[in-house]
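Biologist: Before I rely on this model, could you take me through the terms used to describe it?

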Amino acid sequence: MDEPSAARREPEEGPAPVIATRGLTKRYRGGQLAVDGLDLTVPAGSVFGFLGPNGSGKTTTIRMLMGLIEPTSGTARVLGRPMPRAGRAVLPHVGALIEGPALYGFLSGRDNLLRYDAADPTADPRTRRARAAAALDRVGLTAAAGKKARAYSLGMKQRLGLAAALLRPRRLLVLDEPTNGLDPQGMREIRTLIRELASDGTTVLLSSHLLDEIEQVCTHAAVMTQGRLVTQGAVADLAAGARGRLVVTTPDPGEAARVLKEQGVADVITDGDRVTGEPPERDLAEVTAALVTAGVRVRGLMLERASLEDAFVALTGEGFDVAG
Ligand SMILES: Nc1ncnc2c1ncn2[C@@H]1O[C@H](COP(=O)(O)OP(=O)(O)OP(=O)(O)O)[C@@H](O)[C@H]1O
């Protein structure tokens, strides 16, 4: 394994990362270790999926990155500057949508945006309406701009939250579970929007517990479990790095599992008449022969293609809650 060194930058790494944390750790007052020694690197221009089951520490990490809470130890740099210390300089370049947008239901979408804009001391009031109109247009809410926010669907509310994050040009967008609670159509709309934003060169950090979401929109990903980073890198490499599963279908699963283990198959899991495991180094013909010699009745033996999900489950040792 290549140990990344702080002192040495590989030539292929390109421009400085937009987010870089070293040993970032958060222990809450109650003693809960929510984030444990995180070394996260988000390359410039990436759509970076921050993936992990509920409670794995994603929101806590994002809150530290945004300077909303202090780390217990370690460092976080955003746009090359230390957080939370450089918050005043950094945050104007960062649009964030964390835990759903805070909206006034009795105000129209447009008026909500005007309020957001007015809360930004650096925003010129003379161009406020134009900024709000442009942001509404960006997220496809122009037609609904005069409608009260409480009449918006959840997807429209999320889009309005994104519009608020887009009131000024941003170098980084941080979106915490932006599709949470949305129906498939709403999810598609948000994903399309994220792709559009990224195509302009904005770096996007997108937290999600949905694997297919990451696979669909992200160029890079990091996987968290129980406060620790399991892996990070280009999505294509993560999926390619995972090996498929060997799947044996048999009416004799117990005996098959035993033989597979003997044959050097790791992580053998029995589920009904399906016995799966990591494909061994040796020729599958030998594995098949061993099964047959042991009297295992084999209905099928195949290699299933690895999905990103396989990679992540293999890495985290746990399944993903995909209930949305
Ligand atoms: N304010 C807090 N005080 C104490 N513990 C907390 C606090 N916020 C979060 N935690 C705990 O820290 C751990 C990580 O939570 P966090 O919200 O960062 O995870 P997450 O990956 O974002 O999950 P989710 O998607 O459910 O928000 C959890 O065990 C959670 O219960």
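Biologist: How does the shell around the ligand divide by class into nonpolar, polar and charged residues?

Modeller: The shell around the ligand has 2 nonpolar, 10 polar and 1 charged residues, where Ala, Val, Leu, Ile, Met, Phe, Trp, Tyr, Cys and Pro count as nonpolar, Asp, Glu, Lys and Arg as charged, and the others, Gly among them, as polar. This is a predicted model, in which local features need pLDDT of at least 70 and side-chain atom pairs count only at pLDDT 80 or more, while totals for chains, interfaces and linings use all residues. Residues are numbered from 1 along each chain as its sequence is written.

Biologist: Which residues are the closest of those that surround the ligand?

Modeller: Among the 13 residues that surround the ligand, the closest are Tyr 28, Ala 34, Asn 54, Thr 59 and Thr 60, a residue being near if its C-beta atom, placed from the backbone, lies within 6 Å of the molecule.

Biologist: Why are H5 and H6 called roughly parallel?

Modeller: Helix H5 (residues 154-165) and helix H6 (residues 184-199) pack at an angle of about 20 degrees, with their axes 9 Å apart. Angles under 35 degrees count as roughly parallel, over 145 as roughly antiparallel, 65 to 115 as roughly perpendicular and the rest as oblique, and H5 and H6 are therefore roughly parallel to each other.

Biologist: Which residues make the contact?

Modeller: Leu 154, Gly 155, Gln 158 and Leu 162 of H5 meet Gly 186, Glu 189, Ile 190 and Leu 193 of H6, contact requiring C-beta atoms, placed from the backbone, within 7 Å. These residues divide into 4 nonpolar, 3 polar and 1 charged.

Definitions and conventions:
Axes fitted to C-alpha atoms, helices over the stretch in contact; angles between N-to-C directions. Helix = DSSP H or I, 4+ residues; strand = E, 2+ residues; numbered from the N terminus. Contact = placed C-beta atoms within 7 Å.
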